[in-house]
Amino acid sequence: MECENAVFGINGPVIKVKGKTNLSMMEMVYVGNERLAGEVIRLDDSMTTIQVYEETTGLRPGDPVYATGEQLSLLLGPGILDNIFDGIGRPLKEIEERCGAFISRGASVSSLSAEREWDVTVTAKVGDTLSGGAVYATCPETTIITHKCIVPPNICGVVKYAKPSGKYKIHDTVVTLTDQNGNDIDLTLCRQWPIRISRPIAERLYANAPLITGQRIIDTLFPVAKGGTAAIPGGFGTGKTMTQHQLAKWCDADIIVYVGCGERGNEMSQVLEEFSALIDPKSGRPITDRTVLIANTSNMPVAAREASIYTGITMAEYYRDMGYHVAIMADSTSRWAEALREISGRLEEMPAEEGFPAYLPSRLSEFYERAGLVRTLNGATGSITIIGAVSPQGSDFSEPVTQNTKRFTRCFWALDKSLAYARHYPAINWLTSYSEYGADLNKWYNDNVGEDFTKLRDRLSLILQEEAKLMEIVKLIGEDVLPDDQKLVITMAKVIRVGFLQQNAFHKDDTFVPLEKQLKMMRAIIYLNRAAKSAIAAGVSLSAIISAGLFDKLTRIKYDVPNDQMDLIDKYPAEIDEAIASLRAQ
Amino acid sequence: MIFEYIGVKEIQGSLIVLDEVECPSFEEMVEIRLDNGTKRSGRIIRLEGDRAVIQVFEGTKGISLVNTRTVLKGKPMELSLAPEILGRVFNGVGEPIDALGKIYPTEKNNINGTPINPVSRVYPKNYISTGVSSIDTLITLIRGQKLPIFSGSGMKHNELAVQIVRQANITDSEEANFCVVFAAMGVKNDIADYFRRSFEESGVLEKVVMFINLANDPIIERILTPRCALTAAEYLAFKHNMHVLVIMTDMTAYAEACREFSSSNGEIPGRKGFPGYLYSDLASLYERAGMIKGSGGSVTQIPILTMPNDDITHPVPDLTGYITEGQIVLDRTLDSSGIYPPVSVLPSLSRLMKDGIGAGYTREDHSALSNQLFASYAKVQDVRSLASVIGEEELSSSDKKLLEFGKRFENEFVKQGFNENRTLEQSLSLGWKLLSSLPKSELDRVDNDMLAKYYSEDTAEN
């Protein structure tokens, strides 16, 4: 690698190289004798500007800048799952082995182990014509995920040689293609892909199946489609990270990419510890087998924070192209936006709102648009669901990151401070949140869960809306003066809030609730509502119904009925009828 | 060869500019000698070819374009470390100011530290008993946690911090391994003195390392003070396996120093004039709390910050809350009604407590009890606002009970003496005693087994 360029100016993570250089925009470079990774972010004929992904302390003017001729890219191949990477795709476990507990600079480590052998089944045969996206070899990457090696999108050719199935390392050639021009192309188990460019697909499909999360308020009231986008905004302490963890643990995607972007180091060690201890009920294996973590904690270099989101989505796209359903959790996109702001400030760009650069909305939309349910180049169906946490400054949802995120996501799970203060988790506010997928997914719910599912859901949210209206009055005059039928609305809403929407992540049955149980719970609640309403109309007082313990009983369904005996709920209507009948008799 | 640069090219605020510098490196330390014989130190913060922009720690007062000789030290800012730093007092840049002589270092570390690899972290789980009911029960402090106190001017945050230091039971048994690193940033002289006296009175002074930057000390030193303190803390924790409690006060003054420096540096301001990188900057301090594999020590941080105008959405508390693992919020209304410690429990939170409490750590009912106290006390707030509209007389009987519960919760549970050290057992029992004044049906966060075991109706009348 020759070096013609030298450092001229240094300002934090921003490095300048004087004069006209042969570097290209977004090219990856190595800076200084320690070879710190960086990327070209601005060019003109007198100056080249580079952002460096590591601490720049100790760099000197005159230090070499090495060109690589390539954009910042990621090595994709088997070994990504069950691993943890930093923002630019370096494996943290290997860095630990090399540098100890503290990350030192210039650690150049390949993202994937070059030594590990994989049990490869070569599926391509000599004479086959393979085009971009075609699978030529597979290997079990973890016990539950089969890794499919796919021909890079821009390559097409006829198989000239194919190795027999057997043990190979990632850089071993397993298939050789001859393209139209007669050139030989060697295909190994891995390939590079620039992280800022989205991988091509055949076509986008209409997203009509939900991502099942087992979280009642999400699955029932505000569902997200497989291939959809959702935002979780909330001030500090409202449970963004907890919600993200719950989704990563329980949602029914095949692969989870968890990006810890500018968050706490202890949180990442918690994820590592909890996820490896948690057994996925479907496969019976630790959920780390389907998870990849990307950690850029808040004290790691800020430029790598900006890259971490792209690293995550590129890995997600890679697995999507194999025909998997991938969910990516980005916690938190606000830190990413702040990294943009910080770099932009160092470049002395003209700021727009609150110091954020004017290109913030376009960067956000580029990111969220990489989600979707698609047909891949090889005809398989795969999806990427993006769930981004947003940390609004001062818990103010009108700030630019929240507002722009709102424009590009279709689910908005607004976390509420006062719910969190009362330790009501998940603290998703049912009045300000919304999901635009509701109508798209109605058919799926009614066909696959129960034909009354959407009707029950609408009843449920109606009661909550009515309660909100009544609470305005209650705040002024107290609850006692309301007539019984209005008090019933408030009491029912309390059952829904505490018994249905609130969910205990630490309870073995309540942390994940199957859709069927959600449906049965809703049925029981709505049944009680109807029965109590007619009883009140017939002259039974609400306090009598309350003291019969019916509301308390319904509130406790989530704990009383284990997930494997949910038929118990079917007996509730009879008990309700009986209790109410005896009240009427009195 | 060592070059001496005579004079400077430009002076602006706390920055000086040198031209034609031979081989400078980014963040290198420099020494500036004035013609009158005084010495100052500084750090290179920007380089443009052979032009270096230098931040002078002691300020540029008295510097002219010709009266200085500047020498580059060839290395970034380092702190001299040895086990003997315990019991010593340093200024903001780590020089001894207690007239006990120099530290003979066994090692020197860059004060900026390096990030801990998330893979190497140990997830904190051991709780620290502080003897304060509201903290132990509701906002449990965990070893290796960073838990700030959000306060306001004139409230009793310093007393609370001293009480925590005095009562904290941070180690399992070997008391010898406990030490305190205290960083004062821009605080008044009498506050620094208060801490020193309190440490002395409680007999921990020889286990305290103090870094003092007073309100009239140079602001650039203020930016370095917490970094020096944390470097010392990391050294004691990870080299000498000590459990270190770091008290940093006042983070607001620190952030304001950053702002002052940033604006003199001509940077584009973010919210309220604070620099756009304030989040990263604060994180580079707070994230230095924790525990690592292969070391028995820990760094636990209790930063103290005063919220300007008691506004929790001000950038400093706001960004801090996003980085730290919870917060202890103090409340002025409680404070003025004579409740000490004036902990406002609802916005307070400890993120790490969920894994550090319960059976095997504290007591099986701890988590349910704290959830129930939070939930019931949250309801009290609703009832109070209703009572302020319709009057207490008009409230329903269950609401009246809640109101009574709220009063007792504040006066018996939150309130405690400055020297009162309650065991966790006492605090939990007190919590149940208060909950027992509410009807069983109001308690929706505890299951029936626990109610049967801990709920006792007869205490309600006592």
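In chain A, A:L360, A:P361, A:L364, A:S365 and A:Y368 of helix α7(A) meet A:P400, A:V401, A:N404, A:T405, A:R407 and A:F408 of helix α8(A). Sorted by class, this contact holds 7 nonpolar, 3 polar and 1 charged residues. The model is a predicted one, and everything below is read from it.

The two helices cover residues 360–368 and 400–408 of chain A, and they pack at an angle of about 40° with their axes 9 Å apart. An angle of that kind makes α7(A) oblique to α8(A). Their crossing is right-handed. An α-helix has 3.6 residues a turn, so residues three or four places apart point the same way.

What does α8(A) keep out of view? Buried in this helix are A:P400, A:V401, A:T402, A:N404 and A:T405. These buried residues pack against several elements of chain A, namely β19 (229–233), α6 (333–346), α7, β24 (381–390) and β25 (411–412).

Chain B has a helix pair of its own to look at. Helix α6 (residues 278–286) and helix α7 (residues 315–323) of chain B pack at about 50°, and their axes lie 10 Å apart. That is why α6(B) and α7(B) count as oblique to each other. Here, too, the crossing is right-handed. On the α6(B) side the contact is made by B:L278, B:Y279, B:L282, B:A283 and B:Y286, while α7(B) brings in B:L319, B:T320, B:Y322 and B:I323. The residues of this contact divide into 8 nonpolar, 1 polar and no charged.

Another helix of chain B, α2 (residues 157–167), is largely enclosed by the rest of the structure, because 9 of its 11 residues are buried. The buried ones are B:H157, B:N158, B:L160, B:A161, B:V162, B:Q163, B:I164, B:V165 and B:Q167.

Loops hold buried residues as well. In chain A, A:D510 is found in the loop between α12 (484–501) and α13 (515–537). Is A:D510 buried or exposed? With a relative accessibility of 0%, A:D510 counts as buried. Leaving out residues up to four places away in sequence, A:D510 touches A:R216, A:Q502, A:Q503, A:N504, A:K558 and A:Y559.

In chain B, B:R422 sits in the loop between α11 (397–414) and α12 (424–435). B:R422 is buried, at a relative accessible area of 8%. Apart from its neighbours within four places in sequence, B:R422 is in contact with B:G131, B:S133, B:D136, B:E412, B:F413, B:K415, B:Q416, B:S427 and B:L430. B:R422 and B:T130 are 292 residues apart in sequence, yet their C-alpha atoms are 8.3 Å apart in space.

A few spots in the backbone call for a second look. Most residues other than glycine have a negative phi, and most peptide bonds are trans. Against that background, the peptide bond from A:D331 to A:S332 is cis, with omega near 10°. A:S332 belongs to the loop between β22 (325–331) and α6 of chain A. Chain B also has a cis peptide bond, joining B:T249 and B:D250, where omega is about 5°. B:D250 lies in the loop between β16 (243–249) and α5 (251–264) of chain B.

Where phi is concerned, A:M26 is not a glycine but has a positive value of about 65°. A:M26 is placed in the loop between β2 (14–18) and β3 (27–31) of chain A, and at 22% relative accessibility this residue counts as partly exposed. In chain B, phi of B:N241 is near 50°, again positive in a residue other than glycine. B:N241 is found in the loop between α4 (219–239) and β16 of chain B. B:N241 is partly exposed, with a relative accessible area of 36%.

Finally, how many disulfides are there over all chains? The count comes to 0. Take A:C261: the closest cysteine sulfur, in A:C251, is 19 Å from its own sulfur, which is too far for a bond, given that a disulfide needs the two sulfur atoms within 2.5 Å. A:C261 is buried, at a relative accessible area of 0%, whereas B:C23 is partly exposed at 48%.

Key:
Residues are numbered from 1 along each chain as its sequence is written. Chains are lettered from A and ligands numbered from 1 in the order in which they are written. This is a predicted model: local features need pLDDT of at least 70, side-chain atom pairs count only at pLDDT 80 or more; totals for chains, interfaces and linings use all residues. Side-chain values use heavy atoms; hydrogens and water are left out. Buried means under 20% relative accessible area, exposed over 50%, partly exposed in between (1.4 Å probe, protein chains only). Axes are lines fitted to C-alpha atoms, for helices over the stretch in contact, and angles run from 0 to 180 degrees between N-to-C directions. Helices (H or I, at least four residues) and strands (E, at least two) are DSSP runs, numbered from the N terminus. Angles under 35 degrees count as roughly parallel, over 145 as roughly antiparallel, 65 to 115 as roughly perpendicular and the rest as oblique. A crossing is left-handed if the near helix is turned anticlockwise from the far one by less than a right angle, and right-handed if clockwise. Contact means heavy atoms within 4.5 Å. Ala, Val, Leu, Ile, Met, Phe, Trp, Tyr, Cys and Pro count as nonpolar, Asp, Glu, Lys and Arg as charged, and the others, Gly among them, as polar.
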